[in-house]
Amino acid sequence: MRGLRSLEVWKLGVVNYIDALKLQEKLALDRKLHRRCDTLLSLQHPPTYTVGKRQTVHNLLIPQSELEKIGVELHYTQRGGDITFHGPHQAILYPIISLRDIGLGARSFVEKIESTMIELAAMYGVKACPGQSGETGVWVGERKIGAIGVRISSGITSHGMAFNIDPDLSYFRHIVPCGIADKEVTSLRRETNVVLPEGEIVQEQLISCFARIFGYSNLIWKEDASV
């Protein structure tokens, strides 16, 4: 009989993007060296645009000099994917897990992340699905509700998923989200007829979906973990 698969869940609240990036790097190294078990960071960011490793900053539609005026930071990262927005009322999960230990390849890992967000949307009567060819993330019809951008190094994952609960969607007007033009970005609030609970509850539901889909049966919660 297989033993319980453990996942340490860090609930961090709102965290500056750079602080979260440094924490991921530290935890990924610890995981690589077998100093810790698989870990899931649950958090939100202040308004932030991030650009993936392809450096597609041309998909930022306003001058970088204007970003401070609208209260947004811009950061370059080593994750996959194109430019995206992170902000309040968006549920972000960063898995720091060993794909080798759980027997997953990169494609299967991304598919399970997609399934995590699709399952959460379904809890609120929203039918979401993976993107078509060339379209990353999770979609409701022609509208994107969840973004995916991951990094895998030595079999250890970092970065992850961002699911739109009820963010200020106007920020997406200043970018070509994930490099896909002529498509809208949406949110759970916009798509469901159900009255949403507090954002923290929705974020915890996303964690539960992740744990079930990835097969973690023993969750170790770290409330208000310090970055």
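Residues are numbered from 1 along each chain as its sequence is written, and side-chain values use heavy atoms, with hydrogens and water left out. Because the model is predicted, local features need pLDDT of at least 70 and side-chain atom pairs count only at pLDDT 80 or more, while totals for chains, interfaces and linings use all residues.

**Cores**

A nonpolar core is a set of buried Ala, Val, Leu, Ile, Met, Phe, Trp, Tyr and Cys residues joined through side-chain atoms within 4.5 Å. Buried means under 20% relative accessible area, exposed over 50%, and partly exposed in between (1.4 Å probe, protein chains only). The largest core has 37 residues. Phe 163 and Phe 214 have the most contacts inside it. Elements giving two or more residues to this core include β1 (6–14), α3 (106–123), β9 (143–153), β10 (156–164) and α5 (199–214). Helices (H or I, at least four residues) and strands (E, at least two) are DSSP runs, numbered from the N terminus. The most, eight residues, comes from α5. Another core lies apart from it, with 16 residues, among them Val 15, Tyr 17, Leu 27 and Ile 156.

Contact means heavy atoms within 4.5 Å. Not counting residues up to four places away in sequence, Phe 163 touches Gln 90, Ala 91, Met 117, Leu 120, Ala 121, Ile 145, Gly 146, Leu 188 and Leu 206.

**Two helices**

The expected span of a helix is 1.5 Å times one less than its number of residues.

| Helix | Length | Span, first to last C-alpha | Expected span |
|---|---|---|---|
| α1 | 16 residues | 22 Å | 22 Å |
| α5 | 16 residues | 23 Å | 22 Å |

The buried residues of α1 include Tyr 17, Leu 21, Gln 24, Asp 30 and Arg 31. At its start, a side-chain oxygen of Asn 16 reaches to within 2.9 Å of the backbone nitrogen of Ile 18. His 34 follows α1, and its phi is positive, near 65°.

In α5, the buried residues include Val 202, Gln 203, Leu 206, Phe 210 and Phe 214. Gly 215 follows α5, with a positive phi near 80°.

Gln 203 is found in α5. Gln 203 counts as buried because its relative accessibility is 6%. Beyond four places in sequence, Gln 203 touches Ser 42, Leu 43, Gln 44, Gln 90, Ala 91, Ile 92 and Ile 165.

Glu 8 is in strand β1. Glu 8 counts as buried because its relative accessibility is 14%. Leaving aside neighbours within four places in sequence, the contacts of Glu 8 include Arg 36, Asp 38, Ile 220 and Lys 222. The side chains of Glu 8 and Arg 36 make a polar contact (3.1 Å). A polar contact is a pair of N or O atoms within 3.5 Å; within protein, one must be able to donate a hydrogen and the other to accept it, and residues adjacent in sequence count only if both atoms are side-chain atoms.

**Cavities**

A cavity is a set of points on a 1 Å grid over the protein atoms alone, where a 1.4 Å probe fits but cannot get out; lining residues have an atom within 4 Å of a point. The structure holds three cavities of 30 Å³ or more. The largest share, four residues, comes from β10.

Methods:
1 Å grid on protein atoms, 1.4 Å probe; cavity = no way out; pocket = protein on both sides within 12 Å on 5 of 7 lines; lining within 4 Å. Points joined across faces, edges and corners; volume = space filled by probe spheres on them.
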